[in-house]
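Welcome! Please open the model in your viewer, and let's walk through it one selection at a time.

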Amino acid sequence: MAVEVGELLQAEVRLLPSPAQADKRNRATARQRVDMLQRALTEAGAGQRSGLVVDRSEVDLRDADDLRPVYTVDTLHRYRQQLSPEQALIFVMGMDSLLNIRSWHQWQQLLDHAHLLVVGRPGSHDESGKQALEDLQRDPQLSGAFSSTVSGLLDCPAGQIHVTQLSLLDISSSRIRALVSEGRCANFLTAPSVLEYIAENELYSCASDHKMI
């Protein structure tokens with residue numbers, strides 16, 4: 001998804017691992033997740049080809065034991081302060097996140113700082129998903145924000161929402177973690193070097209002698 005977004009926008013895409021962990025048991029630390037993400041990009045050669053960057057600023061700004069939630073609105077505010085007032089800032093999210101946007105912290109302020117580029121996920125275009133999107137588009141606080149073209153996001157600094165269709169791969173981090181915790185094969189769902197890292201560091205209840213083939 002990140003590669004396709006970079007190609008669609010012809011822009012650098014920053015990947016933002018969150019430092020906060022709700023449950024530290026058998027979970028990777030923030031820095032371990034940064035390491036795995038960097039391994040995945042390096043192995044795929046995606047960073048050099050498509051301008052993908054692992055942005056570890058959120059991780060570096062927090063202590064390892066600081067489990068306070070990281071709010072997207074604060075991250076976008078920090079980015080906006082670093083950019084010129086005229087420069088477009090685009091936050092990429094999945095359709096499931098958009099449909100739950102009204103539960104986010106200070107969600108009404110997100111569009112003050114950035115545009116939202118929304119990417120569908122497997123199952124998000126069924127009838128219930130379409131109806132939920134239509135309901136959201138009728139929300140008085142959002143109805144005027146939806147843009148029919150991605151170019152609309154590039155013509156102004158913030159304030160627009162665009163829903164786009166990209167290649168949909170039914171892969172999730174929760175599925176990978178579940179497979180690893182059960183000692184099952186997670187090949188082809190992420191980079192081999194990431195699976196090796198998980199085994200070496202015994203993450204997600206992974207036994208030290210668990211083999212990835």
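Which residue of E5 does Leu 117 stand opposite? Select Leu 117 and look across to E5: the residue standing opposite is His 162. Keep in mind during the tour that this is a predicted model.

**The whole chain**

Zoom out before going further. The chain has 213 residues, and buried residues make up 40% of them. If you colour by secondary structure, look for 11 helices and 5 strands. Among the contacts with a separation of 6 or more, 67% are between residues 24 or more positions apart.

**The sheet**

Now select E3, E4 and E5. These 3 strands form an open sheet in the order E3-E4-E5, and the pairing is parallel. The edges are taken by E3, residues 90-94, and E5, residues 161-164; each has a single partner strand, so one side of each has no neighbour in the sheet. Going from one strand to the next, the twist averages 25 degrees.

Next, trace the pairings one by one. Start with E3 and E4, which pair in the parallel sense over 5 bridges. To find one of these bridges, select Ile 90, whose partner in E4 is His 115. Then move to the other pairing: E4, residues 115-119, is joined to E5 by 4 bridges, and the two run parallel. Here Leu 116 stands opposite Ile 161 of E5.

**A buried leucine**

Select Leu 76 next, in helix H5, which covers residues 72-82. Leu 76 counts as buried because its relative accessibility is 4%, below the 20% cut-off. Which residues does Leu 76 touch, beyond its neighbours within four places in sequence? Show Leu 89, Phe 91, Leu 110, His 113 and Ala 114, and you will have these contacts on screen.

**Two packed helices**

Now turn to a pair of helices. Two packed helices are described by the angle between their axes and the distance between those axes. Select H2, residues 30-44, and H11, residues 192-200: they pack at an angle of about 150 degrees, and their axes are 8 Å apart. H2 is therefore roughly antiparallel to H11. The crossing of H2 and H11 is right-handed.

Show side chains to see who makes the contact. From H2 come Gln 32, Asp 35, Met 36, Arg 39, Ala 40 and Glu 43, while H11 brings Pro 192, Ser 193, Val 194, Tyr 197, Ile 198 and Glu 200. Colour the contact of H2 with H11 by residue class, and you will find 6 nonpolar, 2 polar and 4 charged residues.

**Stops in the loops**

The next selections are in loops. Begin with Asp 139, which lies between helix H8 (127-137) and helix H9 (151-154). Is Asp 139 buried or exposed? Asp 139 is buried, with a relative accessible area of 10%. Leaving aside neighbours within four places in sequence, Asp 139 is in contact with Arg 102 and Trp 107.

For the last stops, look at backbone angles. Most residues other than glycine have a negative phi. Gln 10, in the loop between H1 and strand E1 (13-15), has a positive phi, near 55 degrees. Gln 10 counts as exposed, with 69% relative accessibility.

Finish at Phe 188, in the loop between helix H10 (173-181) and H11. Phe 188 is not a glycine, yet its phi is positive, about 75 degrees. At 80% relative accessibility, Phe 188 counts as exposed.

Methods
Residues numbered from 1 in each chain as written. Predicted model: local features only at pLDDT ≥ 70, side-chain atom pairs only at ≥ 80, totals over all residues. Heavy atoms only, no water. Pairing = 2+ DSSP bridges. Axes fitted to C-alpha atoms, helices over the stretch in contact; angles between N-to-C directions. Parallel < 35°, antiparallel > 145°, perpendicular 65-115°, else oblique. Left-handed = near helix turned anticlockwise from the far one by under 90°. Contact = heavy atoms within 4.5 Å. Nonpolar A, V, L, I, M, F, W, Y, C, P; charged D, E, K, R; others polar. Buried < 20%, exposed > 50% of the residue type's maximum accessible area, 1.4 Å probe, protein only.
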